[in-house]
Amino acid sequence: MSAYKLVGLAGSFNRPSKTFTLVEDIAGLAGEKYGFDNTLYDLTDVGPSLGQALRRDDLDSRAREVIDDIVNADLLVIGAPTYKGSYPGLFKHLIDLIDPHELRAKPVIITATGGGDRHALMVEHQLRPLFGFFMSHTLPTAVYASDRDFTDYRVSSEPLSKRIGEVIGELSAFFPAQKQALIAAE
């Protein structure tokens with residue numbers, strides 16, 4: 001059985017990044033449980049052509065490759081840092097360069113990070129409607145993490161780990177055959 005492709009996107013330029021750490025943690029657990037081939041990006045990987053692109057054709061080859069990976073993925077893990085109650089503008093600009101039909105019916109795990117609980121609804125009020133416009137399948141459990149959920153850029157809180165486990169379990173609705181094959185191999 002060929003592996004499904006998971007693409008993770010952290011909408012941040014910072015390195016290290018709590019957002020990237022969260023996406024990486026979820027992608028790693030999904031890969032272990034379901035056998036995905038994982039590819040992870042942040043906005044630094046997309047590069048400087050993003051800010052100057054009016055259309056997808058205006059992007060350099062590296063940025064076009066990232067978008068191609070996103071639209072060809074079987075599963076997306078999307079993470080956005082919260083700035084003033086929403087996602088960063090260049091993250092949204094990258095998503096705007098994707099045709100809506102390219103993400104139709106694609107399962108998406110939505111995540112966000114922020115300084116505190118005040119931004120926790122960003123996943124519901126910003127990311128879920130964004131991917132709803134694309135008619136993607138956002139999984140029921142969204143994952144929000146605040147600064148206190150990390151230690152040295154590693155997930156360290158039990159409630160966050162539990163929430164991540166919940167969303168990983170929800171993937172079985174989309175990838176049941178893959179799950180059964182992995183269980184049989186154990």
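Student: What relative accessibility does Tyr 153 have?
Tutor: This is a predicted model, in which local features need pLDDT of at least 70 and side-chain atom pairs count only at pLDDT 80 or more, while totals for chains, interfaces and linings use all residues. Residues are numbered from 1 along each chain as its sequence is written, and side-chain values use heavy atoms, with hydrogens and water left out. Buried means under 20% relative accessible area, exposed over 50%, and partly exposed in between (1.4 Å probe, protein chains only). Tyr 153 counts as partly exposed because its relative accessibility is 38%.

Student: What is the phi of Tyr 153, and where is the residue found?
Tutor: Most residues other than glycine have a negative phi. Tyr 153 is not a glycine, yet its phi is positive, at about 60°. Helices (H or I, at least four residues) and strands (E, at least two) are DSSP runs numbered from the N terminus. Tyr 153 is found in the loop between β7 (150-151) and β8 (154-155).

Student: Which loop holds Ala 105, a residue with positive phi that is not a glycine?
Tutor: The phi of Ala 105 is about 65°. With a relative accessible area of 43%, Ala 105 is partly exposed. Its place is the loop between α5 (89-96) and β4 (107-114).

Student: What is the omega of the cis peptide bond from Arg 15 to Pro 16?
Tutor: Pro 16 is found in the loop between β1 (5-10) and α1 (18-34). Most peptide bonds are trans. The bond from Arg 15 to Pro 16 is cis, with omega near -5°.

Student: How far apart are the end C-alpha atoms of α4?
Tutor: The expected span of a helix is 1.5 Å times one less than its number of residues. Helix α4 (residues 61-72) has twelve residues, so it should span 16 Å. The distance between its end C-alpha atoms agrees, at 16 Å.

Student: Which residue caps the N-terminal end of α4?
Tutor: A polar contact is a pair of N or O atoms within 3.5 Å; within protein, one must be able to donate a hydrogen and the other to accept it, and residues adjacent in sequence count only if both atoms are side-chain atoms. The backbone nitrogen of Arg 62 lies 3.2 Å from a side-chain oxygen of the cap, Asp 60.

Student: How far apart in space are Ile 109 and Val 167, C-alpha to C-alpha?
Tutor: Ile 109 lies in strand β4 and is buried, with a relative accessible area of 0%. Leaving aside neighbours within four places in sequence, its contacts (heavy atoms within 4.5 Å) include Ile 26, Leu 139 and Val 167. Ile 109 and Val 167 are 58 residues apart in sequence, but in space their C-alpha separation is 7.5 Å.
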